[in-house]
Amino acid sequence: MLGALGLFLLAQAVPYGRAHANPPVTRALKFDTATTQELFTGACGDCHSNLTKWPWYTNVAPVSWLVARDVEDGRARFNVSQWDQPQPDIQRVLKQISSGEMPDWKYKPLHPSAQLSTAQTQALMNGLARSYAKDPPASLRSRSAERAAADRRAKSGPAS
Ligand code: HEC
């Protein structure tokens, strides 16, 4: 009989989630200040840039699968390392933050840098708005293109 330990060990053999690829930075957003960049890196950068840090537990299934999926999905929607490619407009970025949806709740317990105070949240939002104004993305992504991309990902599944 396969116990919990057996299942756990078997899960480690699944290749998905262990590659931890950090694709090249094709064009980095020029943040308005170092402070904005620091706030963003600490609270958002692991999922919305190509400079992801991968701690040891991201090698252990099933955490590795969930993290890889989040990073793929996060980068596909908003990526400050690919500013030469379509990005969401600033209103959507600010709304994700002000609504409390981002940073992702799963991320916060293990990342104190993502536990932003009210003042830090405000500073990040103001800083991102100024960064977008000074260095707008090459183009904005349309919602229909995004839905099509999400559908493709849902169909291909995590093993793709
Ligand atoms: C643990 C990974 C993770 C972190 C940290 C994170 N995000 Fe996300 N983000 C995601 C994922 C996954 C999605 C896509 C699914 C969803 O919307 O929940 C997403 C979606 C988004 C979107 C796209 C919404 C749209 O309309 O397509 C924006 C903008 C965004 N995040 C901004 C941020 C900002 C700003 C921060 C930091 C304050 C942040 N995220 C932190 C994973 C993350």
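**Notes on the model**

1. The residues of the shell around the ligand divide into 11 nonpolar, three polar and seven charged, where Ala, Val, Leu, Ile, Met, Phe, Trp, Tyr, Cys and Pro count as nonpolar, Asp, Glu, Lys and Arg as charged, and the others, Gly among them, as polar. The ligand is surrounded by 21 residues, the closest being Cys-44, Cys-47, Gly-74, Met-102 and Tyr-107; a residue is near the ligand if its C-beta atom, placed from the backbone, lies within 6 Å of it. At least two residues of this shell come from each of α3 (45-48), α4 (63-77) and α5 (90-98), helices being DSSP runs of H or I with at least four residues, numbered from the N terminus.

2. The model is a predicted one, in which local features need pLDDT of at least 70 and side-chain atom pairs count only at pLDDT 80 or more, while totals for chains, interfaces and linings use all residues. Residues are numbered from 1 along each chain as its sequence is written.

3. Helix α2 (residues 34-43) and helix α6 (residues 118-134) have axes that come within 9 Å and cross at roughly 115°, the axes being lines fitted to C-alpha atoms over the stretch in contact, with angles from 0 to 180 degrees between N-to-C directions. That makes α2 roughly perpendicular to α6, a term for angles of 65 to 115 degrees. On the α2 side the contact is made by Thr-35, Thr-36, Leu-39, Phe-40 and Ala-43, and on the α6 side by Gln-120, Ala-123, Leu-124, Gly-127, Leu-128 and Ser-131, two residues being in contact if their C-beta atoms, placed from the backbone, lie within 7 Å. Six of the residues in this contact are nonpolar, five are polar and none is charged.

4. The axes of α5 and α6 come within 10 Å and cross at roughly 175°, and the two helices are therefore roughly antiparallel to each other, as angles over 145 degrees are classed. Here Ile-90, Val-93, Leu-94, Ile-97 and Ser-98 of α5 meet Thr-121, Leu-124, Met-125, Leu-128, Ala-129 and Tyr-132 of α6. This contact comprises nine nonpolar, two polar and no charged residues.

5. Lys-134, which lies in helix α6, is exposed, with 11 other C-beta atoms within 10 Å, where exposed stands for 12 or fewer such atoms. Leaving aside neighbours within four places in sequence, Lys-134 is in contact with Lys-30 and Asp-32. Lys-134 and Leu-29 are 105 residues apart in sequence, yet 9.8 Å apart in space, C-alpha to C-alpha.

Methods: Parallel < 35°, antiparallel > 145°, perpendicular 65-115°, else oblique. Buried ≥ 20, exposed ≤ 12 C-beta atoms within 10 Å, placed from the backbone.
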